[in-house]
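Hello,

Here is the structure I promised to pass on. Have a look at it, and then read on for what turned up.

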Amino acid sequence: MKQKMQHFMAGRYGADQLGQLYLGISMALLVVSLFSRWNIFYLLALGLMGYEYYRMLSRQVEKRYQENQKFLNWRYQLAVKKNRRKEHAQQRKIYHFYKCPSCKQKVRVPRGKGKICITCPKCKAEFIKKS
């Protein structure tokens, strides 16, 4: 039986991270459909599961790979943004953040220095702010 399954799956795409997300969402929709009177959640879950199985059994390996790579890049960008926000929040205790009026570059200056003249590192414009 194992050999038959391996022979059947030869040349097909199989499971990936995007597929795991689709299956997780469809399971959540199934749980919601249990407690809801609306059949739309059940139909959405079945449709999403069907699409995931279509992706798994697809012979268009390159196309499915590109879809998964787009998803992984999107997920990575979300993680980077989250880490930046977290780091920015931690630095707010020590620094003030201002935007340059001409180029909108973020500039970090130490707190508690009074009125200071800030020079933008990108465009070299000078502006005065209270730190």
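**A charged network and a nonpolar patch**

R64 lies in helix α4, which covers residues 61-91. Please keep in mind that this is a predicted model. R64 is buried, at 3% relative accessible area. Leaving aside residues up to four places away in sequence, R64 touches Y13, D16, Y54, R55 and S58.

Now for the charges. Side chains of opposite charge can pair when their charged atoms come close.

- E67 pairs with R64, with the closest N and O atoms 3.1 Å apart. The two are three residues apart in helix α4, so about one helical turn separates them.
- R55 and E67 meet at 2.9 Å, N to O. R55 sits in helix α3 and E67 in helix α4, so this pair ties together parts that are twelve residues apart in sequence.
- D16 and R55 form a salt bridge at 3.1 Å, N to O. The pair links distant parts of the chain, 39 residues apart.

How exposed are these partners? R55 is buried, with a relative accessible area of 0%, and D16 is buried too, at 6%. E67 counts as partly exposed because its relative accessibility is 22%.

Salt bridges with shared partners join D16, E52, R55, R64 and E67 into one network.

Finally, the surface: M5, F8 and L57 make up a nonpolar patch with about 280 Å² of accessible area together. F8 belongs to helix α1, residues 2-9, and is partly exposed at 39% relative accessibility.

Best wishes

Technical notes: Residues are numbered from 1 along each chain as its sequence is written. This is a predicted model: local features need pLDDT of at least 70, side-chain atom pairs count only at pLDDT 80 or more; totals for chains, interfaces and linings use all residues. Side-chain values use heavy atoms; hydrogens and water are left out. Patches are made of residues with over 30% relative accessible area and no salt bridge: like charges are joined within 9 Å, nonpolar side chains (Val, Leu, Ile, Met, Phe, Trp, Tyr) within 5 Å. Accessible areas come from the Shrake-Rupley method with a 1.4 Å probe; for residues, only the protein chains shown count as cover. A salt bridge is a side-chain nitrogen of Lys or Arg within 4 Å of a carboxyl oxygen of Asp or Glu. Helices (H or I, at least four residues) and strands (E, at least two) are DSSP runs, numbered from the N terminus. Buried means under 20% relative accessible area, exposed over 50%, partly exposed in between (1.4 Å probe, protein chains only). Contact means heavy atoms within 4.5 Å.
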